Amino acid sequence: MILLFPEGTTTNGDYLLPFKTGAFLARAPLQPVILRYPCRRFSPAWDSMDGARHVFLLLCQFANYIEVVRLPVYYPSEQEKQDPRVYANNVRKLLATEGNLVLSNLGLAEKRAYHAALNGLLCQS
């Protein structure tokens with residue numbers, strides 16, 4: 001078994017970003033899993049700071065928890081086997097519905113621009 005994260009990045013836990021299709025090229029059944037990080041002070045999801053600060057704050061918490069929600073195995077239809085984009089989008093919609101998540105069309109490039117803005121690295125015109 002192998003664990004893949006088809007978003008290719010993390011979010012704050014409220015949104016589901018577009019999936020990369022690589023995990024769906026095998027046309028094989030998969031086990032959808034939703035990971036949640038219930039937190040009170042600091043989110044382990046790594047959504048808005050640099051790596052060193054994130055690790056430092058993560059290690060300063062007394063405990064970090066994770067909730068794992070395993071959904072039933074998803075078997076691709078013939079159409080999904082022929083088109084990994086359809087397969088990826090259908091699994092994404094399932095995860096959004098089951099996890100009460102909002103589908104977002106933003107991707108990694110927008111997340112990087114957001115992080116740069118937070119860190120004052122974008123030029124102002």
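Which residues does UniProt list for "domain: Phospholipid/glycerol acyltransferase"? Select residues 2-34: that is the range in the unreviewed UniProt entry, where positions follow the numbering used here, feature names are shortened, and annotations may be inferred rather than shown by experiment. Over this stretch the chain is 0% helix and 12% strand, with end C-alpha atoms 15 Å apart.

Before going on, note that this is a predicted model, in which local features need pLDDT of at least 70 and side-chain atom pairs count only at pLDDT 80 or more, while totals for chains, interfaces and linings use all residues. Residues are numbered from 1 along each chain as its sequence is written, and side-chain values use heavy atoms, leaving out hydrogens and water.

**Whole protein**

Zoom out and colour by secondary structure. You will find four helices and four strands, in the order β-β-α-β-α-α-β-α from the N terminus. Helices (H or I, at least four residues) and strands (E, at least two) are DSSP runs, numbered from the N terminus. Of the 125 residues, 27% are buried, meaning under 20% relative accessible area with a 1.4 Å probe and protein chains only.

**Helix α3**

Next, select residues 84-99. At 1.5 Å a residue, the 16 residues of α3 should span 22 Å, which agrees with its end C-alpha atoms being 22 Å apart; the expected span is 1.5 Å times one less than the number of residues. Show the side chains of Pro 84, Tyr 87, Ala 88, Val 91, Arg 92, Leu 95, Ala 96 and Gly 99, which are buried. Look down the axis: the buried residues of α3 fall within an arc of 165 degrees, so they line one face of the helix (the arc is that of the directions from the axis to the C-beta atoms). Their cover includes β1 (15-16), β2 (33-36), α2 (78-82) and β4 (102-103).

At the N-terminal end, pick Asp 83, which caps α3 with a side-chain oxygen 3.0 Å from the backbone nitrogen of Arg 85. Just after α3, click Asn 100, whose phi is positive at about 55 degrees.

**Ser 104**

Finally, move to the loop between β4 and α4 (108-118), where Ser 104 sits. Is Ser 104 buried or exposed? Ser 104 is buried, with a relative accessible area of 12%. Not counting residues up to four places away in sequence, Ser 104 touches Tyr 15, Leu 16, Leu 17, Pro 18 and Arg 92, contact being heavy atoms within 4.5 Å.

Definitions and conventions: Buried means under 20% relative accessible area, exposed over 50%, partly exposed in between (1.4 Å probe, protein chains only). A polar contact is a pair of N or O atoms within 3.5 Å; within protein, one must be able to donate a hydrogen and the other to accept it, and residues adjacent in sequence count only if both atoms are side-chain atoms.
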